[in-house]
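The structure comes first, then the terms and the findings.

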Amino acid sequence: MITTEQSSSVVVDLGSHSVKAGLGGEDAPTTIFPSDVGLLPGSVAGPAAKPQLVMGTEELAVRRDHMPVRTPFDDRGAVENWEILEALLRRVVEGEAGLSAREQPLLLSQPMAASTAQRERLLSLCFESLGCPAVFLAKAPVLAAFAMGQQTALVIESGHSSTTVTPVHEGFALARPSARSSRAGLSLSLNVLQAAEFLASTPLRPRYTVTRKRAASGATETVVHEYLETDPSYRRWSLMEVAEGIKEQLLTVSETPLAETECSELPSASYTLPDGSCISMGKDRAVLPEALFTLPDSGVGHLVRQCVQACDEDIRASMCKSMLLVGGTTLLRGYKERLENEVKHLLPSVVKPAPVLAASSAAERKNAVWMGGSILSSLGSFQQLWVSQADFKESGASVVHRRCP
């Protein structure tokens with residue numbers, strides 16, 4: 001058991017887009033940096049040479065020759081590359097932004113997609129490789145519900161790699177009725193990138209290829225650099241940043257399924273690209289986000305219906321009375337209003353869903369999972385739930401299933 005005096009903990013939300021870390025009890029994470037890393041060729045030649053990992057927002061922004069970009073997660077948000085994951089965690093454990101999980105308990109979020117074997121491996125990594133004194137692995141939907149002050153709720157999360165709908169009942173995430181789709185921020189950004197490349201008058205360029213200098217006449221000139229030694233994955237990663245900017249600034253969600261007449265009436269909006277040119281987007285502003293809602297098997301409203309119908313009858317009403325909306329993709333203009341209209345029409349007539357609850361602050365919605373971990377880890381009643389080094393040595397990695405359900 002961790003005493004109250006020792007309970008200042010490090011909370012880490014391992015998202016497919018970014019890693020958020022900070023101290024338990026705080027209102028916001030201390031540091032946020034990309035989950036993607038760059039791989040530089042090792043300084044030692046030979047087949048055993050390991051690449052140097054480039055991590056962090058500012059570090060990744062610097063283009064380097066022959067540096068591919070990789071993520072530790074697969075398309076379901078489960079860990080695929082454990083070496084990269086360990087490096088990301090080590091960045092936090094060894095003092096990123098003043099944090100140190102070598103001396104403090106570590107609370108980690110995990111997606112519902114994490115398997116039994118992955119949960120055991122992550123616990124082992126924290127104790128054996130990182131030297132953490134105590135660890136707790138928490139399901140992301142449970143933490144999101146805690147952030148909204150709920151222990152029983154239907155958590156609708158649309159982030160980078162997936163949209164998930166998970167029932168949380170009395171503090172426990174129910175895996176069997178949960179529903180998931182890959183239609184989320186990443187798939188939408190890919191569609192935005194494709195549309196932007198079609199609309200742009202010149203080839204779409206990443207930010208690193210463009211610099212500006214002042215000419216002798218006093219005018220500002222744009223200089224384009226090709227950088228032929230850039231790895232294709234890094235170029236793609238940089239273009240996706242441009243696409244995300246377009247997505248956040250221009251896209252809007254219609255409150256009801258779009259009709260052709262509505263598309264033609266939508267005013268155009270422009271976005272300034274890194275090279276100074278502009279693209280103007282008209283009906284695509286509303287057409288592109290429709291894929292998040294209209295596909296019968298993966299639209300978010302359909303996921304809600306699927307999940308509610310899969311719940312036991314005695315908890316369906318409580319799920320519909322407390323629907324929580326979290327994740328960065330839900331910040332699209334009109335997303336919440338569209339979802340409310342969708343569930344009214346898709347849920348059985350005997351069920352009357354309450355208005356969807358969502359934080360008004362963008363930061364709170366993006367960081368909901370981390371904030372829930374911060375709240376949970378600072379509760380006095382939680383301190384007895386930490387898995388300690390002694391627990392791990394006595395019971396092995398399987399202790400995670402008993403202590404971190």
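In the lining counts, Ala, Val, Leu, Ile, Met, Phe, Trp, Tyr, Cys and Pro are nonpolar, Asp, Glu, Lys and Arg are charged, and the others, Gly among them, are polar. The model is predicted: local features need pLDDT of at least 70 and side-chain atom pairs pLDDT 80 or more, while totals for chains, interfaces and linings use all residues. Residues are numbered from 1 along each chain as its sequence is written, and side-chain values use heavy atoms, with hydrogens and water left out.

**Cavities**

- A cavity is a set of points on a 1 Å grid over the protein atoms alone where a 1.4 Å probe fits but cannot get out, and its lining residues have an atom within 4 Å of a point.
- Grid points are joined across faces, edges and corners, and a volume is the space filled by probe spheres set on the points.
- Two cavities of 30 Å³ or more are counted.
- The largest cavity has a volume of about 70 Å³, and its lining includes Leu14, Phe73, Gln110 and Leu122.
- Strand S7 (106–110) and helix H3 (116–129) are the elements that give two or more residues to that lining; helices (H or I, at least four residues) and strands (E, at least two) are DSSP runs numbered from the N terminus.
- The lining of the largest cavity has seven nonpolar, four polar and no charged residues.
- The second largest cavity holds about 30 Å³, and its lining has three nonpolar, four polar and one charged residues.
- Among the residues lining the second largest cavity are Ser158, Arg183 and Tyr335.

**Second largest pocket**

- A pocket is an open set of points with protein on both sides within 12 Å along at least five of seven lines.
- The second largest pocket has about 340 Å³ of space, and of its 20 lining residues Phe136, Val142, Gly171, Leu376 and Leu385 are the closest to its centre.
- Strand S8 (134–139) gives the most to this lining, with four residues.
- By class, the pocket lining has 13 nonpolar, three polar and four charged residues.

**Aromatic contacts**

- Rings of Phe, Tyr and Trp (its six-membered ring) pair if their centres lie within 6.5 Å, with planes under 30 degrees apart stacked, over 60 edge-to-face and the rest tilted.
- The count is seven aromatic pairs.
- Phe136 and Phe382 form an edge-to-face pair, 5.0 Å centre to centre with 80° between the planes.
- Phe136 lies in strand S8 and Phe382 in the loop between helix H13 (368–377) and strand S19 (387–388), so the pair ties together parts 246 residues apart in sequence.
- Both Phe136 and Phe382 are buried (under 20% relative accessible area with a 1.4 Å probe, protein chains only; exposed is over 50%, partly exposed in between).
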